[in-house]
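Please work through each task with the structure in view before reading its solution.

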Amino acid sequence: FDSDLKRLTVARAWVRAATYAGCDALIDLQHCSESVKAALHEDGLPANPRFFLIDSPLPHSWLFPQCSLVACHGGAGTVHQALAAGCPVVAMPCLPAESDQPFWAAACYRAGVSPNAGLPASRLGSGEKLGRALKQSRSDRGLFERAERLSVGMRSEGGAAAAARVVVQAAEAASARARAAGHILGMPHGDMPREDMATYANAL
């Protein structure tokens, strides 16, 4: 968001949504200014359900396994960590349709681990729609069962190791092609002569 007013409006919508859904909530304010944080404190957060305002980094790999549901912007990394922890996702994309956030919001819906295909953060309004989505998610055991199955599948895939193998294989293949052409393949840098840069690119 490009202004504190928009950030505060969305944060207040989150508070109202979680209150409507009757769920305790952690609200991440790391990207909000001090004036936004102060305004939320001045609002007086409800004591029940409980709200916790976070303004310092917390590893998602530690946090999400302790949560039942993750409401987020829908970025690839956050969605991955949420699903790896077995949490259904309610996505609120902050970026336009050509970004990855709406894509992952829709993907979660198609996979049956989200109650909808995304609620654009710019159109949260009072937070009522988000509150209904949170409430629906909490009562839908199917969402949690599918998220847990997806989590088990993700852990068994060995995705990081597979990605590392692809990178190593590509690097080895590029080095072999360079050696066959009589060149030594190294990492490109700003001072590399143009002809060497072309050799590097062609080897890849």
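**Exercise 1.** Determine which residues Asn-116 touches, leaving aside those up to four places away in sequence, and decide whether Asn-116 counts as buried or exposed.

*Solution.* The model is a predicted one. Step 1: locate the residue. Asn-116 sits in the loop between helix H5 (100-110) and H6. Step 2: list its contacts. With residues up to four places away in sequence not counted, Asn-116 touches Ala-105, Tyr-109 and Ala-133. The side chain of Asn-116 reaches the backbone nitrogen of Gly-118 at 2.9 Å. The relative accessibility of Asn-116 is 17%, and the cut-off for buried is under 20%. Asn-116 therefore counts as buried.

**Exercise 2.** Classify the exposure of Pro-59 and state how far its C-alpha atom is from that of Gln-81.

*Solution.* Step 1: Pro-59 belongs to the loop between strand E2 (51-54) and helix H3 (60-63). Step 2: the relative accessible area of Pro-59 is 47%. Partly exposed covers values between the limit for buried, under 20%, and that for exposed, over 50%. Pro-59 is therefore partly exposed. Step 3: Pro-59 and Gln-81 are 22 residues apart along the chain, and 9.7 Å separates their C-alpha atoms.

**Exercise 3.** Describe how helices H1 and H2 pack, giving the angle, the distance between axes and the handedness of the crossing.

*Solution.* Step 1: helix H1 (residues 4-21) packs with helix H2 (residues 34-43) at an angle of about 35°, and their axes are 10 Å apart. Step 2: the crossing of H1 and H2 is right-handed. Step 3: from H1, the residues Asp-4, Arg-7, Leu-8, Ala-11 and Arg-12 meet Ser-35, Val-36, Ala-39, Leu-40 and Asp-43 of H2. Step 4: sorted by class, the contact of H1 with H2 comprises five nonpolar, one polar and four charged residues.

**Exercise 4.** Characterise helix H7: its span, its buried residues and its two ends.

*Solution.* Step 1: helix H7 (residues 141-157) has 17 residues and reaches 25 Å from its first C-alpha to its last, close to the expected 24 Å. Step 2: Gly-142, Leu-143, Phe-144, Ala-147 and Ser-151 are buried in H7. The cover over the buried residues of H7 includes helix H4 (76-84) and helix H6 (128-139). Step 3: at the start of H7, a side-chain oxygen of Asp-140 comes to within 3.0 Å of the backbone nitrogen of Gly-142. Step 4: after H7 comes Gly-158, with a positive phi near 60°.

Technical notes
Residues are numbered from 1 along each chain as its sequence is written. This is a predicted model: local features need pLDDT of at least 70, side-chain atom pairs count only at pLDDT 80 or more; totals for chains, interfaces and linings use all residues. Side-chain values use heavy atoms; hydrogens and water are left out. Axes are lines fitted to C-alpha atoms, for helices over the stretch in contact, and angles run from 0 to 180 degrees between N-to-C directions. Helices (H or I, at least four residues) and strands (E, at least two) are DSSP runs, numbered from the N terminus. A crossing is left-handed if the near helix is turned anticlockwise from the far one by less than a right angle, and right-handed if clockwise. Contact means heavy atoms within 4.5 Å. Ala, Val, Leu, Ile, Met, Phe, Trp, Tyr, Cys and Pro count as nonpolar, Asp, Glu, Lys and Arg as charged, and the others, Gly among them, as polar. The expected span of a helix is 1.5 Å times one less than its number of residues. Buried means under 20% relative accessible area, exposed over 50%, partly exposed in between (1.4 Å probe, protein chains only). A polar contact is a pair of N or O atoms within 3.5 Å; within protein, one must be able to donate a hydrogen and the other to accept it, and residues adjacent in sequence count only if both atoms are side-chain atoms.
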